[in-house]
Amino acid sequence: MVNQGRLEAIIHGCIKASRESQKELYSYYFSFAMGISMRYSSNYLEAEEIVNDSFLKVFTQLKKFKPSYQNYEASLVGWMKKIIMNTAIDSYRKYAKTHSISLIDDVHLEILDTVEMPIDKMAYDEIIRLIQKLSPTYRTVFNLYVLDGLKHEEVAAVLNISEGTSKSNLAKARANIQKMLKETNHKLYEQRRAI
């Protein structure tokens, strides 16, 4: 955590295009940005590209930043999170044309949650690895809806798809995650039996 006076000085320096201030802001918030980017990407290099593109936008838009909370850093983090998420979505759109994912329009698939998922007992890194195995479309919808708290109407607007498609892709993402969890649990069971 950076004290408010120092953070304001860094931001002021970034607005004046100080390389030193930009480097300092980048180093303070790189892990935060990478954490968000990793959820939306399939690998580290893709996430790093999202982070770097996000910081370029942050540096060019900092003059527009207005704290919306009494806590200056919380305001900055919230503002940056939006930029990082939008950059990740832009990255998804850029690469979406190269991925052949079929979207079912206006179809809502219900997946019954009859089995409790062991995802609550998993480490953060394990969860991220599962999310990264999803197709770009499923991963993006899953992140926006489950992790970032958008409603299907908002997801549809952001990704320029119908609400039905958002619901369908979320259901498929969840089904894929459940399948991967079952496969992981089966492998662990087989490894334990071999011992």
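Tutor: Start with handedness. A crossing is right-handed if the near helix is turned clockwise from the far one by less than a right angle, and left-handed if anticlockwise. Keep in mind that this model is predicted.

Student: Which hand does the crossing of H2 and H3 have?

Tutor: The H2–H3 crossing is right-handed.

Student: Which residues of H2 and H3 make the contact?

Tutor: From H2, they include Leu25, Tyr29, Ala33 and Ser37. From H3, they include Ala47, Ile50, Val51 and Phe55. By class, 15 residues in this contact are nonpolar, 3 are polar and 2 are charged.

Student: At what angle do the two helices pack?

Tutor: Helix H2 spans residues 19-40 and helix H3 spans residues 44-61. They pack at about 130 degrees, and their axes lie 8 Å apart. Angles over 145 degrees count as roughly antiparallel, and 65 to 115 as roughly perpendicular. H2 and H3 are therefore oblique to each other.

Student: Let's pick one residue. Is Ser37 buried or exposed?

Tutor: Buried means under 20% relative accessible area. Ser37 has 0%, so Ser37 is buried. Ser37 sits in helix H2. Leaving out residues up to four places away in sequence, Ser37 touches Ala47, Ile50, Val51 and Ile84.

Student: And the whole chain? How many helices and strands does it have?

Tutor: The protein chain has 8 helices and 0 strands. Of its 195 residues, 40% are buried. The chain exposes about 11900 Å², with 53% of that supplied by carbon and sulfur atoms.

Key:
Residues numbered from 1 in each chain as written. Predicted model: local features only at pLDDT ≥ 70, side-chain atom pairs only at ≥ 80, totals over all residues. Heavy atoms only, no water. Helix = DSSP H or I, 4+ residues; strand = E, 2+ residues; numbered from the N terminus. Buried < 20%, exposed > 50% of the residue type's maximum accessible area, 1.4 Å probe, protein only. Contact = heavy atoms within 4.5 Å. Axes fitted to C-alpha atoms, helices over the stretch in contact; angles between N-to-C directions. Parallel < 35°, antiparallel > 145°, perpendicular 65-115°, else oblique. Nonpolar A, V, L, I, M, F, W, Y, C, P; charged D, E, K, R; others polar. Areas by Shrake-Rupley, 256 points an atom, 1.4 Å probe, with all protein chains shown as cover.
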